[in-house]
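Student: Could you help me learn to read the packing of a protein model?

Tutor: Gladly; let us look at it together.

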There are 2 protein chains.
Amino acid sequence: MSQQVKFTLGADEYPHTWYNIVADLPGGAAPALNPATGEPLTPDQMAATMPAELIEQELSTEREFEIPGAVRELYARWRPTPLFRARALEKALETPARLYYKYEGTSPTGSHKPNTALAQAYYHKLAGKRGLVTETGAGQWGTAISMAAQLFGMDALVFMVKVSYEQKPYRRAFMQTYGARCIASPSIETAAGRAVLAEDPDSPGSLGIATSEALAAAAADPTLGYTVGSALNHVLAHQTVIGQEAIAQMALADDYPDVVVGCAGGGSNLAGLAFPFIGEGLRGGRKARVVAVEPAACPTLTRGRIAYDFADIGRLSPLVRMHTLGHTFVPPGFHAGGLRAHGIGPLITRCLEENVMEAIAVAQTDCFAAGVQFARTEGILPAPESTHAVLGAVREALRCREEGVSRSILFGLSGHGHFDLAAYQQYFAGELTDESLSDEALERSLAALPELVNV
Amino acid sequence: MSQQVKFTLGADEYPHTWYNIVADLPGGAAPALNPATGEPLTPDQMAATMPAELIEQELSTEREFEIPGAVRELYARWRPTPLFRARALEKALETPARLYYKYEGTSPTGSHKPNTALAQAYYHKLAGKRGLVTETGAGQWGTAISMAAQLFGMDALVFMVKVSYEQKPYRRAFMQTYGARCIASPSIETAAGRAVLAEDPDSPGSLGIATSEALAAAAADPTLGYTVGSALNHVLAHQTVIGQEAIAQMALADDYPDVVVGCAGGGSNLAGLAFPFIGEGLRGGRKARVVAVEPAACPTLTRGRIAYDFADIGRLSPLVRMHTLGHTFVPPGFHAGGLRAHGIGPLITRCLEENVMEAIAVAQTDCFAAGVQFARTEGILPAPESTHAVLGAVREALRCREEGVSRSILFGLSGHGHFDLAAYQQYFAGELTDESLSDEALERSLAALPELVNV
């Protein structure tokens, strides 16, 4: 094998279609339910917040959705993204493993989020919407939607979890640069926000509350399209450009991964990288082990329950069947803001049930240690979310060393950490803690699951 | 012409050599002088701070220097960088001009600085140095040296201008992530720093002071190699990978620039992009107008004097012949930290003298306005330094509209602005001012030029 470290595709060699794993997954997807009736949500009911094309993708069992030309043109500004052989990290780990990473940090906002933001903006624009509304935690998703809205000539309204809004003024400024309006949540702008503030005027907010506010704002203003940063089937499908490119790039490297590792929050980066590989295996092709790495402080896959639950604390969303810690769950403070959701994409849950994916939970200080080692060898500073995948891959590589086996390990580097240096600073100062979720806290939040829970 | 927006080269299609404009520039380069004697610096004298290979490059009249394999391998992690046709910006400006930009923000540290940081680290390593020492203003250069040192297994010591050190803790954390030691300057670690502190314990520092400290530290410890972020001939040569790639990419676009625009501080991004184009013209090939855009608050090229001057306030550097505002000059506060030097690369000065480059000075609020327009059309948030080039290109494009002429305009986008959102925030809050340099202040700092001045 050559000493090549970067595997690039030509400017037009990125996928023409998004991949829908539902077509290949035995048992397919579990339908979302109308919480009022317990019956599967109908396309008509979904039409309140989603344009027809996204509903079609959300419910489809087709294997591929064509990427619209206007979206491909915008993808072309930074796609295909590079895939790297991590030779320097291999050397530092003294591992016989072959380590590869697929890097999404070269997008204009520094993460993989624009892959679906642009798609959703396009379909909402097509449906005649004037603007987009969404919630954001750490701000990666809000920034991506702000950019996508602006590039399609739309307004953007972003409800940002208040504690992040205050801690991350630069994220707000970034959204403002794209012309978006960013509001601290809970806010007085929606009934959902006012209800929270009435109980607790000093509420720091949560992703669940911000989601309630964004849904309420979309319900109140039919010119606004509600957009979703992760979890839903169509969102995960949009991200599969990552894995499809990676398959072609691994072929250029004359290799194929034995193990694919991704960080797990809502599931969009993980699915984006892993689903195309899982699909190959499900269709009788090459098989890779897939490992989801989640924070021990928000252990949805490793300690959550599979249940029908709401996406938001205000119970405005449909019920979706997923691994969940309960929609009232608010994780302790930790720095991977993109991995703080109480639930995960239903198709990720289905993959675990079908034994085509496994999950581990890791401590954040271990993640930062892996992130620093990665920066010092490969040169790229990973986002805190991405450090989870780095750590998962490092552990696999060390196992290869112990076993004296050379496996090929591919992991997803979802974004750069240029916005997250405050977290690295705290890590170096020894100020980061590893809070695990107590059994009592978990029981409490699971007790708040809706009646329909054990499905 | 197609609707293509991104022009990429293959993973191995970046230059094998750095370009040295001295070979083509009539009259060549002016030698640096020993301040003690007023005689040209000899290679022996230069050897105190520079490895043999860099001295050779600094003094060479050869047209090309081979890029060492180890440096090319590291370049390969992000080079070739993309060149874009700015079709969305063209549309917003309603200009018949064809706008292109060469983007260096996809490097691991987010700017063009690693192009020379890796080269300098390599040669110092080869010369047996244990570590690297340098000064940094805003932090882009310090970060690049920190990464380069780490990737070559060396230590890094960075003297950071104190006011930036305090205002930009994230930059410090980034350097620390690469294992560097970053010190606020003036510091008690060097005689130069102690002298400043004795006079003014609250000194906010300046690039000139930090340079004195870095030079002093290198002089005190022979295991440390002193590195330079801009201005010197070899540094500018290392950056020419940018322009050489751009020539190949413009050919892919089936176009050639009538105008090349770059931001001007020490001159490294400007030279990196423009020198290969200027060289073609000087050798009788195609000619492009080249426009340097500098801040009105630090107007080295438009209001400085051509003189032999020091690079640092402590007068530890050799004397170099350049446009200078005087080595005691401290610019008023503005946000393009990379454009705050009192002098510029001597070869930039020579280009102005030979009429192959022109210069304009612009106000920072106009730059930020152009940067926001760029982000809202092209999606990429430019660094404050880069916004100067954006503004210069926008003005050229608007002139095309007035004149009804379609020209091809290429500008350099030296880096992303993900570290600079505090500045954008101040811009949106209306808190940025446009301080111009008063004639009195300019006279004062020019009066401090060394005796040898009018050469």
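Student: Among contacts in chain A between residues at least 6 apart in sequence, what percentage join residues at least 24 apart?

Tutor: Contact means heavy atoms within 4.5 Å. In chain A, 77% of those contacts join residues at least 24 apart. A word on conventions: this is a predicted model, where local features need pLDDT of at least 70, side-chain atom pairs count only at pLDDT 80 or more, and totals for chains, interfaces and linings use all residues. Residues are numbered from 1 along each chain as its sequence is written, chains are lettered from A and ligands numbered from 1 in the order in which they are written, and side-chain values use heavy atoms, leaving out hydrogens and water.

Student: What share of the residues in chain A is buried?

Tutor: Buried means under 20% relative accessible area, exposed over 50%, and partly exposed in between, with a 1.4 Å probe and protein chains only. Of the 455 residues in chain A, 65% are buried.

Student: Which residues have the most contacts inside the largest nonpolar core?

Tutor: A nonpolar core is a set of buried Ala, Val, Leu, Ile, Met, Phe, Trp, Tyr and Cys residues joined through side-chain atoms within 4.5 Å. The largest has 74 residues, and those with the most contacts inside it include A:Trp18, A:Phe275 and A:Met357.

Student: What does A:Phe275 touch?

Tutor: Beyond its neighbours within four places in sequence, A:Phe275 is in contact with residues including A:Tyr19, A:Leu236 and A:Met357.

Student: How many residues does the second core have?

Tutor: That separate core has 73 residues, among them B:Phe275 and B:Ile278.

Student: And what does the C-alpha trace of chain A span?

Tutor: Along its principal axes, about 60 × 50 × 45 Å.
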